[in-house]
Amino acid sequence: NHLQMISECLVCFNWFGVEEDTADFVAGMCQSADFYANRVLEDAESPEEKEDAGVGETIFPALVDYVRENHASGLTFNPQGASAARSAPRGALPPQSAEEVME
């Protein structure tokens, strides 16, 4: 049940590949993760196991809210945005070629 719960939790973070109804996708996956989290809670023998199963109760509702507010129709990009080269942090190292990395 632990592994199944973790597996379902990870699927929640695949929302950026969904083009429509992203919040519904995340909410559905969170419900699936909650199902297995409840099974873990039923079988829990230690406080740590109960705490592990309860982590999703705070993280996933916040994720659903975030996606609903900011990316309701899928992940969007700003075509008018700055180039990635201009967005690099100052003092960043220049990209290296494969040959330089192998040396």
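Which residues of the largest nonpolar core touch the most other members? Met-5, Val-26, Cys-30, Phe-60, Leu-63 and Val-67 do, out of 16 residues in that core. A nonpolar core here is a set of buried Ala, Val, Leu, Ile, Met, Phe, Trp, Tyr and Cys residues joined through side-chain atoms within 4.5 Å. Buried means under 20% relative accessible area, exposed means over 50%, and partly exposed lies in between (1.4 Å probe, protein chains only). Helices H1 (2–12), H2 (22–43) and H4 (56–70) each supply at least two residues of this core, and H2 gives the most, with seven residues.

A word on ground rules. This is a predicted model, with local features needing pLDDT of at least 70 and side-chain atom pairs counting only at pLDDT 80 or more, while totals for chains, interfaces and linings use all residues. Residues are numbered from 1 along each chain as its sequence is written, and side-chain values use heavy atoms, leaving out hydrogens and water.

Zoom in on Val-26: leaving aside neighbours within four places in sequence, Val-26 is in contact (heavy atoms within 4.5 Å) with Cys-12, Trp-15, Leu-63, Val-64 and Val-67. In soluble globular proteins, nonpolar side chains tend to be buried together.

Now for a charged residue. Glu-8, in helix H1, is buried yet has no salt bridge, meaning a side-chain nitrogen of Lys or Arg within 4 Å of a carboxyl oxygen of Asp or Glu. Beyond four places in sequence, Glu-8 is in contact with Met-29, Ser-32, Ala-33 and Tyr-36. The nearest side chain of opposite charge (Lys and Arg count as positive, Asp and Glu as negative; His and the chain ends are not counted) is Arg-39, 10 Å away. Arg-39 sits in helix H2 and counts as partly exposed because its relative accessibility is 36%.

H1 brings the largest share, three residues.

Stepping back, the chain has six helices and zero strands, as DSSP runs (H or I, at least four residues; E, at least two) numbered from the N terminus.
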